[in-house]
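Work through the exercises below with the sequence and the model open. Each task is followed by its solution.

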Amino acid sequence: MKLSLYIPTGTTQEFYGYTDPVAAFSTIRDLAVVADECGFDTIWAPDHFVPFGPPGAYVFEAWTTLAALARETERIKLGQLVTGNGYRNPTLLAKMASTLDVISGGRLKFGIGAGWYEDEYRAFGYDFPAAPERLRRLEEALQIITSMWTEQATTFDGSYFRAAGVVNQPAGVQQPRIPVMIAGGGEKVTLRLVAKYGDLCNVQEPPDEVARKYGILAKHCTDVGRDFATITKTSTSYCIIADTDEQARAAVPEWAPLVFPGSLADYGLIGTLDTIGERLAVYEQAGVDELIVGFADALDPDTLRSFASAFIRN
């Protein structure tokens with residue numbers, strides 16, 4: 001199982017109290033370099049504009065952040081966990097992704113989802129339709145984006161998006177196209193979209209539920225004639241390393257239920273190194289090919305080094 005880094009960009013108040021945005025971004029850059037050196041597979045950045053909880057702390061935009069980190073790193077892949085489809089027109093997203101794939105020398109994983117954080121949508125003036133419409137919009141976007149990466153020109157006339165003979169050059173570096181991660185565990189629609197369009201999925205739930213959702217994805221793959229094995233199965237967890245399991249459990253943040261279903265303390269990477277090793281094995285047994293890990297000590301590069309020394313085998 002590959003291990004990747006959920007890099008802090010401020011969404012969980014990591015930069016609360018900072019008064020120098022340049023210094024804050026330098027910290028993100030340093031973490032990316034350490035992750036590259038330590039053998040993490042991918043840097044994943046959240047696509048949010050405001051922090052969870054009280055407003056005011058620094059939050060850095062994902063796409064521009066990753067473009068900068070692409071030039072500061074050499075090996076590690078880069079992706080969004082995940083782009084909110086409602087924030088950018090899909091033709092623009094396809095162009096942005098193509099450019100970032102070139103900037104990074106072919107290291108982009110394109111993450112996208114239907115979007116969920118209603119308060120953010122409202123604050124920035126974006127429409128936030130009901131979930132069924134957001135998913136229909138996502139499917140149209142996926143059709144446009146993948147076409148712009150693979151076809152000479154793209155024309156599309158959908159219910160929500162349009163393109164008229166758009167030519168996208170350069171279309172990126174990777175062949176046959178940039179890999180697509182679709183995030184979400186919706187059983188009827190989202191996982192079917194993964195089967196039709198995705199190269200990676202992301203299910204952010206406890207390991208037993210992750211395994212169940214993968215089983216549903218496998219059925220959708222059968223229905224659409226897709227080889228389930230061609231999809232990289234990912235999940236996301238949160239790591240708190242402490243001298244005792246009790247100390248780690250007590251440090252689970254208040255915002256955890258907003259993004260991690262159930263009791264994170266019971267299944268996340270929460271505890272001593274021995275406990276974390278056992279829980280990594282549970283994720284792997286659930287079928288996870290790549291686990292994306294966020295850290296409580298998010299701004300401390302030594303935490304990344306300690307975790308990598310214990311669990312990443314290069």
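**Exercise 1: a helix pair**

Task: determine how H5 and H6 are oriented to each other.

Solution: H5 and H6 are roughly parallel to each other, a label given to angles under 35 degrees, with over 145 roughly antiparallel, 65 to 115 roughly perpendicular and the rest oblique. The axes of H5 (residues 131–150) and H6 (residues 190–197) cross at roughly 10 degrees and come within 11 Å. Axes are lines fitted to C-alpha atoms, for helices over the stretch in contact, and angles run from 0 to 180 degrees between N-to-C directions. Helices are DSSP runs (H or I, at least four residues) and strands likewise (E, at least two), numbered from the N terminus.

The model is predicted: local features need pLDDT of at least 70, side-chain atom pairs count only at pLDDT 80 or more, and totals for chains, interfaces and linings use all residues. Residues are numbered from 1 along each chain as its sequence is written, and side-chain values use heavy atoms, leaving out hydrogens and water.

**Exercise 2: a positive phi**

Task: locate glutamine 13 and state its phi.

Solution: Glutamine 13 is in the loop between S1 (2–6) and H1 (21–38). Its phi is positive, about 65 degrees, although it is not a glycine.
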